[in-house]
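I opened my notebook to look up two things: what sits around the ligand, and how the chains touch. Here is what I was looking at.

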Amino acid sequence: MLHLENVVSGYGKIEILHGVTLDVRTGEVVSIIGPNGSGKSTLFKTVMGFLTPAAGAIRFDGREITGLPPEEIIRRQISCVPQGRCTFPHMTVKENLELGGYIHRNRQEVSRALEEVFAQFPILKERRRAVAGSLSGGEQQMVEMARALMLRPKALLLDEPLLGLAPKVRGVILDKVLELNAAGGTVLLIEQNARRALEIAHRAYVLELGRIRFEGPGGELLADKKVRRLYIGE
Amino acid sequence: MARGAKLLTLGVLFAGLVGLPFFLTGYKLRFVTWLLMWVGLASTWNLFSGYTGYINFGPVAFFGVGAYVTAVLMVKAGVSFFPALLAAGVLAGIAALLLGVPTLRIRGAYFAIATLAFSEATRSLTLNLSGLTEGGKGLMLPIYNNAYFFYFVILGLTVAVVATVAFIQRTRFGITLVSIREDEVASQVLGVNTFLNKMAAFGLSGVFLALYGGIYAYWQTFIEPGEVFNVLYSVQMLVMTFLGGSGTLLGPIVGAVVLGAMTEYLWATFTYVYLIFVGVLIVATVLFLPDGVWGYCVQTQSRRRRRAQPAPVLE
Ligand SMILES: Nc1ncnc2c1ncn2[C@@H]1O[C@H](COP(=O)(O)OP(=O)(O)OP(=O)(O)O)[C@@H](O)[C@H]1O
Ligand SMILES: [Mg+2]
């Protein structure tokens, strides 16, 4: 569904990704793990169109999306949740979600999507009138995920959704990812937290210094001695 | 307020504004006309900067361009007032879009500095294009001595500006502008083409500013670069908006009326030191009413004004 081929990307003259090839198939959860500064967020920004690759190709749903601006990529139904808090803090939960349906042209579609999202995240329905900035970190992360789902995406990209969350809340977020996947959603999960990310992934890639170092089924990487030693710290 | 009561208030206000000039003469009529112009200028500034959060420090550039295009067309080409004004609006709109292409990609203080530099550059350019503008000598326009005409033209434009802001507030476009102010990256992540939306608002504000400039030139009958490109005019638009409450429909109106009336009174009473009082007032507003006078009044009702509590720390 999402296919990257030899993607080279970075910031101006600084090259960060030196030719990354990876695949995300329909219905999969694919994780990308790697240490700080390995280029995970750079990969995320490149797929979403915030950065233009210097070389290589990105295809989604059989079509080339290389070099398109973010709004065009999002129009092709890829949703994303960037790293770090990204809600509109002074707006209510409901307003945040409605803005998530921005590209839907008509109101009915937005309210239908809102109903669906509230069904998936009942806690947000309860707190719909609360100002997003007053929610806990975990709840805000859920607002961001729910907001991304307002687009009814074919694929969802998450950049370190567990960052700064307590272990219990991390479990809740990952359960949501699994739930989405069970309902047929395709997910690309970028995570620092290697063990958790590998546990829930069908397949995974290890990114290091802008190159794919290992790849394989999540369970296999989790069992791999080298991967365990290098990225899980055993 | 119920819809009926709102419409009634609006109707009474409008009737009052239409009837008002017939009860005023000379100086007072000029003052009210001047105040209406500032209500419109502050609202126009708010239309772009108040909603998007991009602080335009050089709005006077478009005001001045509007004044000069109108004046030059009337004086040098013999065009009559309204066609000249229309041309000024169109030209300033194009100028705003051209300026927007490079500057609307930069944020924060850099945008403010770039717009300030632009307004200074347009002033120098006007000074130096003396073949067209007569440079520092200034331009004399045909005299049209009809205070009612200027009152009603400015009233009409100001009503149009306020109505435009009121309309935009309710549309997707308005929500988009607010989302850019709140978190531009977040709105891009939702598929908003933030650049295009900023361009549209910036271009529109350029058109309105130029229309005021053109009317002002004809009204004053004499303009010079130092006046119609005066940086203090930019500052005044900004101060009026923040005084009343930026990002709200009524804030700039309240701010313009309060500051306009206050400076007028203080100036008449303490001609030499009135600016000190104005300065104290501005500092006091920033310290005690950060959301502005109007913002403070509606704080409890308006959702946009609600202050977010810090997020509880989980770890
Ligand atoms: N805007 C930028 N301009 C220039 N260099 C950048 C920029 N953002 C990131 N980098 C550099 O790119 C490299 C990769 O950063 P990236 O954000 O992709 O890492 P990451 O794998 O997401 O790390 P983390 O786990 O800390 O989020 C780093 O060396 C970083 O310094
Ligand atoms: Mg990152």
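Before I start on the ligand, I need one cut-off: a polar contact is a pair of N or O atoms within 3.5 Å. I also jot down that this is a predicted model.

**Entry 1**

I looked up T42(A) and found an N or O atom of its side chain 2.5 Å from an oxygen atom of ligand 1. That pair is within the 3.5 Å cut-off. Next I checked S41(A), where a polar side-chain atom lies 2.8 Å from an oxygen atom of ligand 1. Then came N36(A): an N or O atom in the side chain of N36(A) is 2.7 Å from an oxygen atom of ligand 1.

How much of the accessible area of ligand 1 does the protein cover? I get 62% of the 640 Å² that ligand 1 has on its own.

**Entry 2: the rest of the shell**

I counted 14 residues surrounding ligand 1, and K40(A) and Q192(A) are among the closest. Which helix gives the most to this shell? My note says helix α1 of chain A, residues 40-48, with four residues. By class, I wrote down eight polar, three charged and three nonpolar residues around ligand 1.

**Entry 3: where chain A meets chain B**

I moved on to the two chains. Chain A puts 38 residues into the contact and chain B puts in 28. About 2,700 Å² is buried between them, and carbon and sulfur atoms give 60% of that.

How many salt bridges are there between chain B and chain A? I found zero. I did find three residue pairs in polar contact across the interface, both residues at pLDDT 80 or more.

On the side of chain B that touches chain A, α8 (172-182) and α9 (184-189) each supply at least two residues. The largest share comes from α8(B), with six residues. Sorting that side of chain B by class, I got 12 nonpolar, eight polar and eight charged residues.

Definitions and conventions:
Residues numbered from 1 in each chain as written. Chains lettered and ligands numbered in written order. Predicted model: local features only at pLDDT ≥ 70, side-chain atom pairs only at ≥ 80, totals over all residues. Heavy atoms only, no water. Near = heavy atom within 4 Å. Polar contact = N/O pair within 3.5 Å; in protein donor to acceptor, adjacent residues only side chain to side chain. Areas by Shrake-Rupley, 256 points an atom, 1.4 Å probe, with all protein chains shown as cover. Nonpolar A, V, L, I, M, F, W, Y, C, P; charged D, E, K, R; others polar. Contact = heavy atoms within 4.5 Å. Buried area = accessible area lost by both parts, 1.4 Å probe. Salt bridge = Lys/Arg side-chain N within 4 Å of Asp/Glu carboxyl O.
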